[in-house]
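This report examines how two protein chains meet and which side-chain pairings can be followed residue by residue. The sequence and structure are shown below.

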Amino acid sequence: MLERIRSDFWYELLNSPVTVVSAVIIALMIIGCTFAPVFAPHTPFDPATISIMDNNMPPAWADGADPRFLLGTDLQGRDVLSAMLYGGRISLQVGIGAVALSVVIGMIVGLVAGYFGGMTDAVLMRVAEIQFAFPPILIALLFNGILKASLPADVFAQAAVPIMILAIGLAGWVQFARIVRASAMVQRGQDYVTACHAIGLPTVTIILRHITPNILGPVLVLAMLQIAVAIVTEATLSFLGLGTPLTEPSLGALIQIGSQYLFSGIWWVVIFPGIMLLVMVVAFNLVADWVRDYLNPRLR
Amino acid sequence: MYFLLARLLQATIVMLCVALVGFLVFQFVGDPVLSLVGQETSVEDREALRESLGLNDPILVQYARYVVNAVQGDFGISYSFNRDVSEMIADRLPATIELVMLSGVLSLLLAIPAGIYTGIRRKGGIAQTIMALSVIGVSIPSFLLGILLILVFSVWLNWLPSFGRGDVAVVLGFRSSLFTWDGLSHALMPAAVLCLFQLGVILRLIRAEMLEVLRTDYIRFAWARGLPGGRVYFRHALKNTLVPVVTAIGLQLSSLFAFSIITERVFQWPGMGSLLLHAIGQSDIPLLAAYLIFVGLVFTISNLVVDAIYVLIDPRIRHGAL
């Protein structure tokens with residue numbers, strides 16, 4: 001992995017202003033959302049600090065606005081900007097957590113299947129193939145629905161974030177397994193692996209210390225792309241009312257809350273979280289595109 | 001032929017696995033007896049019902065019975081509607097199919113020419129604009145796009161209706177809302193939302209394949225022979241991009257069904273997706289399991305059709321070279 005960070009890294013990066021802007025946006029969002037309690041002007045989900053008198057305020061530049069609420073307030077008088085920061089935190093947590101889970105499962109399955117081959121490979125890859133026939137969002141949705149049906153309602157609401165990570169992570173491992181398997185099969189035949197065998201290294205060491213570092217490049221690109229997909233999946237499930245509870249809404253749940261009042265002309269509760277979600281996803285996609293082109297210049 | 005038979009066998013195994021998942025969900029999530037009779041029934045009566053439903057048989061026998069029933073279109077009775085599940089699916093299916101068909105056709109009509117164009121003129125201004133738009137098309141969550149369309153066209157401009165299916169008409173035995181103006185105006189926004197995501201994915205794939213093929217030696221040779229551009233692009237290059245593109249379209253068809261769940265919720269379209277969300281909300285397990293198996297069937301059949309098309313378009317598969 002390390003030798004892939006070539007000397008042209010900064011040159012290539014600075015030559016692509018779109019990527020620089022995207023990376024800065026991602027960094028700002030991660031910082032802003034992680035430290036939401038510090039940056040948010042209000043604590044939106046603390047009933048003690050919100051007042052119903054402040055409800056449905058338009059954004060600060062519109063008529064009848066209150067300068068305390070930069071992006072307006074929702075029906076219960078919660079500050080939209082603060083709710084977005086807290087909501088973005090959940091979106092990022094689920095997005096990154098779910099992809100981490102997919103990477104771990106996919107790496108294990110892919111390395112085992114690719115390195116050992118034979119029956120193990122055939123069985124694992126058939127399972128992967130069957131799951132691959134179904135769109136990940138549907139699997140996450142059904143998995144979430146089944147858990148919801150089998151767990152008591154309060155347990156389900158309490159563990160909303162881990163359950164989302166589990167559902168989306170389990171829905172996304174197949175693609176990682178496929179690319180890891182393909183790379184592992186190539187690496188297995190290389191001379192350095194034969195050399196490792198010759199000096200008597202245990203198989204686990206060969207796989208973890210010698211093969212794994214050589215297949216991280218494609219995994220990194222896919223992981224970046226999948227974070228965007230996972231964030232959208234989380235937002236979609238929450239929008240459908242299957243994700244985070246409304247007492248602790250993610251960006252998708254905020255949009256769902258806002259969408260109920262579209263016809264009363266209250267557009268800001270939908271638009272601002274929507275823009276934040278879109279910018280977040282586009283930024284991750286653009287950075288992933290750049291990393292892919294950087295690691296594989298032939299595609300440019 | 002061997003290739004197709006192998007695929008058919010594989011498809012059957014896939015369907016048995018999907019049925020197994022459906023059956024296990026049925027078996028282990030909630031108690032069917034409790035869901036049918038409620039709390040007041042005595043223990044003896046419950047036991048009698050359990051016996052008569054065959055719930056005390058060995059699990060393999062129950063699985064076999066489930067599969068046999070499912071093959072005959074019997075998925076049991078919905079807990080929350082107290083109706084035959086297959087009947088309910090048959091009720092809702094046409095609405096979803098018309099939405100999926102409309103958006104599928106729309107996205108292919110737009111994606112194929114745009115993909116070829118951006119592949120050939122990749123440095124041009126129009127191509128760059130199309131690519132930039134496609135990044136947004138792929139990135140924007142479909143529920144958000146739906147809400148934005150409603151906000152603009154229903155709330156602000158008041159041009160299009162924001163929910164429901166509108167009038168339906170019967171033409172040649174098909175009941176569909178696509179045959180009336182009112183129905184079309186209702187279908188336009190949901191179909192556009194469903195279409196946009198597919199459009200971006202297929203367009204980018206066709207472009208990538210074109211770029212890949214245009215770099216190969218046989219294309220350079222075709223140029224060297226002095227063939228006109230149209231002939232090189234469409235007769236030589238396009239043909240070799242078809243296999244991955246057909247695969248992607250097959251996969252996209254299944255994701256159209258998945259994404260129709262979201263679109264149907266946003267536009268309150270009375271199709272299969274709304275039914276599934278209702279089933280999840282009510283923990284209606286027979287309905288959930290039946291939906292799972294039904295969608296599995298749609299995916300398996302579309303994959304089989306894709307395999308059959310491979311045989312038609314790729315002579316290497318036909319002659320067993322792959």
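## An edge-to-face pair in chain B

In this predicted model, Trp223(B) has a relative accessible area of 38% and is therefore partly exposed. Its ring partner is Tyr233(B): the ring centres are 5.6 Å apart and the planes stand at 80 degrees, so the pair is edge-to-face. Trp223(B) belongs to helix H9 (residues 217-224) of chain B and Tyr233(B) to helix H10 of chain B, so the pair ties together parts that are 10 residues apart in sequence.

## A stacked pair between the chains

Over all chains, the structure holds four aromatic pairs. One of them is formed by Phe239(A) and Phe143(B), whose rings are stacked at 4.6 Å centre to centre with 20 degrees between the planes. This pair crosses between chains, running from helix H11 (residues 216-239) of chain A, where Phe239(A) lies, to helix H7 of chain B, where Phe143(B) lies. Phe239(A) and Phe143(B) are both buried.

## The contact between chain A and chain B

The size of an interface is often expressed as the accessible area lost when the parts come together. Here chain B and chain A bury about 3600 Å² between them, with 80% of that area on carbon and sulfur atoms. Chain B contributes 45 residues to the contact and chain A contributes 40 residues.

Between chain B and chain A, the count of residue pairs in polar contact, with both residues at pLDDT 80 or more, is one. On the side of chain B that touches chain A, two or more residues each come from helix H1 (2-28), helix H6 (125-139), helix H7 (142-156), helix H8 (181-214), helix H10 (229-266), helix H11 (272-281) and helix H12 (285-313) of chain B. The residues on this side of chain B comprise 31 nonpolar, nine polar and five charged.

The structure holds three salt bridges over all chains. One of them joins the side chains of Asp121(A) and Arg181(A), with an N to O distance of 2.6 Å. This pair links distant parts of the chain, since Asp121(A) is in helix H5 (residues 118-132) of chain A and Arg181(A) is in helix H8 (residues 160-188) of chain A, 60 residues apart. Asp121(A) counts as buried at 11% relative accessibility, whereas Arg181(A) is partly exposed, with a relative accessible area of 22%.

Which residues does Asp289(A) join in one network of salt bridges? Within chain A, Asp289(A) forms a salt bridge with Arg292(A), the closest N and O atoms being 3.1 Å apart. These two residues are three apart in helix H13 (residues 268-295) of chain A, and are therefore separated by about one helical turn. Arg292(A) is partly exposed, with a relative accessible area of 31%, while Asp289(A) is buried, with a relative accessible area of 15%. Asp289(A) in helix H13 of chain A is also paired with Arg204(B) in helix H8 of chain B, so this second pair joins two chains. Its closest N and O atoms are 3.5 Å apart, and the count of salt bridges between chain B and chain A is one. Arg204(B) is partly exposed, with a relative accessible area of 25%. Through shared partners, the salt bridges join Asp289(A), Arg292(A) and Arg204(B) into one network.

## Chain B: overall build and two local details

Chain B contains 13 helices and two strands. Of its 322 residues, 43% count as buried. Among contacts in chain B between residues at least 6 apart in sequence, 68% join residues at least 24 apart.

Thr118(B) is placed in helix H5 (residues 85-120) of chain B, and at 0% relative accessibility it counts as buried. Its side chain reaches the backbone oxygen of Ala114(B) at 2.9 Å and that of Gly115(B) at 3.1 Å. Apart from neighbours within four places in sequence, Thr118(B) is in contact with Ala127(B), Ile130(B), Met131(B), Leu203(B) and Arg207(B).

Most residues other than glycine have a negative phi. Gln268(B), although not a glycine, has a positive phi of about 45 degrees. Gln268(B) lies in the loop between H10 and H11 of chain B and counts as exposed at 52% relative accessibility.

Note on methods. Residues are numbered from 1 along each chain as its sequence is written. Chains are lettered from A and ligands numbered from 1 in the order in which they are written. This is a predicted model: local features need pLDDT of at least 70, side-chain atom pairs count only at pLDDT 80 or more; totals for chains, interfaces and linings use all residues. Side-chain values use heavy atoms; hydrogens and water are left out. Contact means heavy atoms within 4.5 Å. Buried area is the accessible area (1.4 Å probe) that two parts lose on being put together, summed over both. A salt bridge is a side-chain nitrogen of Lys or Arg within 4 Å of a carboxyl oxygen of Asp or Glu. A polar contact is a pair of N or O atoms within 3.5 Å; within protein, one must be able to donate a hydrogen and the other to accept it, and residues adjacent in sequence count only if both atoms are side-chain atoms. Helices (H or I, at least four residues) and strands (E, at least two) are DSSP runs, numbered from the N terminus. Ala, Val, Leu, Ile, Met, Phe, Trp, Tyr, Cys and Pro count as nonpolar, Asp, Glu, Lys and Arg as charged, and the others, Gly among them, as polar. Buried means under 20% relative accessible area, exposed over 50%, partly exposed in between (1.4 Å probe, protein chains only). Rings of Phe, Tyr and Trp (its six-membered ring) pair if their centres lie within 6.5 Å; planes under 30 degrees apart count as stacked, over 60 as edge-to-face and the rest as tilted.
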